[in-house]
Amino acid sequence: MLKICNMEACSYAEICGGCLYRGESPENYQKRKEEAFRRVMASLKKQPEQYGNPVFIPDGTRRRASLAFRRHKGKLVLGFNMRKSAEIVDIQKCCLLAPQLNAVLPEVRDLLAELCSLPFSEKKGRKIQQTFLTAGDVWLCQADNGIDLVLEFDGELDLSRRMVIFEKAQNSEKIIRISHRRRNNETPEPVVEKFPPLVDIAGVNVYIPAGCFMQASGEAERVLIGLVLKYLGNTEGNIADLFCGMGTFSYPLSRNIRNKITAVDSSAELLNAFAKSIHKNMIPNIEIKNKNLFKYPLDENELKNFTAIVFDPPRAGASAQVAKMAALSPDSRTQKIIAVSCNPESFVNDANVLLEGGYCLKEITMVDQFICSNHMELVALFSKQ
């Protein structure tokens, strides 16, 4: 599964904060990443029985990205932040992005420029003042059937802006949905949706809500799914998918009809979309539960019924839930626990709790999804002794 990461030359590499190591040879870069990964894993209380071959995702495969924009002196700047700076590098193309996202950047730039040229009318005291949109972010996501955009800026969408967005979407062959939100923690409001954005996960057409979390590249998603299924092996029965999100692992796990999947997450928006996809595709063996696993982790009575547990928490890890799994009595322990993590440091903390609880760490595989950066992901297999 090892892949040589051939990195394309980029004219922004010296100033853009997105790629720290683009100037290195693939061999030196891979060596650097593997050594950094092993340094973090050295803090494990017990080393795994073996390490899997690391997987390096190719350049130009990112299907989602967040770009900043700013309007200054009548000129629109769109791109990523400079290294260690709030200034924006104005990009025409990013080597990390999939070709479909790069192809839509000119349309995104035109849309933002027109929105920035329209005045807002604000009442201050007794006077009406005109202001203009000067900065914000745009979130791009490549679905299988087109491009999904979320515009993020602190301003109401009046009729004139909605008309601009509608017209740009209707005239675009690439963009299928445009939404808006004022802040990152808000649910985006779809302004125009020509087609519901869909992605294929394990052969299932899955609807994606605007602004939802999904794996940054389709290729990395397939690698992570492949490792989870590899580590699961012939184990079947009741399987928990904790921090399930939009169901990335539930769908492939459910293909074995002898499995019953309990998918748990706290995001009502993601779970509602997940439920719609399950019903539309008539998948009978996935049950969804809305629960905050940070505050209310599954307890012994719930955990003891599972033959396997897959968990993929946010960067902070899953300390509360892992503590419950580690505290299970020997007779109640799950046969296999498969951890997927985007933060090796928090994984080490969770893994040490499981190791102290009596689980055996069989194998860890590093997945380099965010190439040219310091970020690393992994999939690990624990089994009861």
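Two strands count as paired if DSSP finds at least two bridges between them, and the helices (H or I, at least four residues) and strands (E, at least two) I mention are DSSP runs numbered from the N terminus. What we have here is a predicted model, in which local features need pLDDT of at least 70 and side-chain atom pairs count only at pLDDT 80 or more, while totals for chains, interfaces and linings use all residues. Residues are numbered from 1 along each chain as its sequence is written, and side-chain values use heavy atoms, with hydrogens and water left out.

Let me start with the sheet, which is open and has seven strands in the order β5-β4-β3-β8-β9-β10-β11, with mixed pairing. Because β5 (88–90) and β11 (189–193) stand at the edges with a single partner strand each, one side of each is left without a neighbour in the sheet. Within it, β3 (residues 64–72) and β8 (residues 135–143) run antiparallel and are joined by seven bridges, and A65 has L140 in β8 as its bridge partner.

Turning to the helices, where contact means heavy atoms within 4.5 Å, and angles run from 0 to 180 degrees between N-to-C directions of axes, which are lines fitted to C-alpha atoms, for helices over the stretch in contact: helix α2 (residues 99–117) lies across β3, β4 (75–81), β5, β8, β9 (146–152) and β10 (175–181), and runs at about 145° to β8. Helix α3 (residues 159–170) also packs on the sheet, touching β9, β10 and β11, with its direction at about 45° to that of β11.
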